[in-house]
Amino acid sequence: MPKAVLIGHSYGTDLASRFCLRHSDRVAAMLLMCGPFVGDWRTGYRAERGRRMSAAQQERLRALEELPHRTEEQEVELLTLAWFTDHADPERGWHWAAQGAQRRRPVNWAMNGELGREGHADPLDEHLAELRACLPSRAELLGGADDPRPVSALASLALRLDLPLTQIEGAGHEPWWEQPYTVRAHLRRFVQGTVGA
C-alpha cells in the first residue's frame with residue numbers, strides 16, 4: 001500500500017495527526033506547520049491578538065461578529081480584522097488579510113462551528129501518548145516565531161511528542177508570506193529527505 005507524506009498547516013495539523021492515529025501504516029512522514037496547538041494556548045493567543053489590535057479595531061471586530069447577518073463588505077472587513085494579526089508585520093499583514101478576505105470565501109461558519117464542537121468533544125490533547133507511539137520515523141514541527149498563537153505551546157508539544165521544532169524568525173501563522181524562501185527550502189528538504197528525490 002502506498003504511503004503519503006503529510007504536510008498540514010494550522011487546523012490541517014490536527015487533521016494530519018488524527019489521520020496518523022487511524023492510519024499510521026499509510027504515513028511515510030509528517031510535517032506539522034503552525035500547529036496543532038494543545039492545552040490552554042487560547043489565553044496567550046487572545047492576549048497577543050489583542051495587543052496587536054487597536055481598541056477601535058477590537059470594538060469593530062466584536063460589533064461585526066455580533067451581527068446576525070453581514071453584507072459582503074462587512075464580511076470582508078470582519079475577515080481582514082480577524083486575520084491581519086496572524087502576521088509578524090502588521091502593515092503587510094493587513095494587506096495579505098484583505099487579499100485573503102476577498103479570495104478565501106465564502107467561509108463556512110456552520111462547518112467551522114461543528115468542527116470546533118467535535119474537537120472539544122474529543123480533544124487531541126488526550127491522544128498525544130498514542131500519537132507519539134505511532135508517528136513515522138520522520139516527523140517534524142515548524143512554526144513562525146511571531147505567530148500570535150504562543151510558540152511556547154508548540155515547544156511544549158515538541159517535547160511531549162519528542163519531535164524537532166524549527167522556528168522561522170520574522171514570520172507569523174502563515175510563514176510562507178513573510179519568509180517564502182526559508183519555508184520553501186524547509187519543505188523541499190523535508191520531502192526530498194523522505195522520498196529520496
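Two rings of Phe, Tyr or Trp (for Trp, the six-membered ring) are taken as a pair here if their centres lie within 6.5 Å. By this rule the count for this predicted model comes to four aromatic pairs.

One of them joins Trp41 and Tyr45 in a tilted arrangement, with 5.8 Å from centre to centre and 45 degrees between the planes.

| Residue | Relative accessible area | Class |
|---|---|---|
| Trp41 | 13% | buried |
| Tyr45 | 12% | buried |
| Trp96 | 12% | buried |
| Trp177 | 29% | partly exposed |

Trp177 counts as partly exposed because its relative accessible area is 29%, and the buried class is kept for values under 20%. Trp41 and Tyr45 also belong to one aromatic cluster together with Phe37.

Now for two arginines. The charged end of Arg104 sits over the ring of Trp83, 4.3 Å from the ring centre. Arg49, found in helix α2 (residues 42-51), is a curious case: this residue is buried yet has no salt bridge. The nearest side chain of opposite charge is Glu65, 5.0 Å away, and a salt bridge would need a nitrogen–oxygen distance within 4 Å. Leaving aside residues up to four places away in sequence, Arg49 touches Leu61, Leu81, Ala82 and Thr85.

Notes
Residues are numbered from 1 along each chain as its sequence is written. This is a predicted model: local features need pLDDT of at least 70, side-chain atom pairs count only at pLDDT 80 or more; totals for chains, interfaces and linings use all residues. Side-chain values use heavy atoms; hydrogens and water are left out. Helices (H or I, at least four residues) and strands (E, at least two) are DSSP runs, numbered from the N terminus. Buried means under 20% relative accessible area, exposed over 50%, partly exposed in between (1.4 Å probe, protein chains only). Lys and Arg count as positive and Asp and Glu as negative; His and the chain ends are not counted. Contact means heavy atoms within 4.5 Å. Rings of Phe, Tyr and Trp (its six-membered ring) pair if their centres lie within 6.5 Å; planes under 30 degrees apart count as stacked, over 60 as edge-to-face and the rest as tilted. A charge sits over a ring if NZ of Lys or CZ of Arg is within 6 Å of the ring centre and within 35 degrees of the ring normal.
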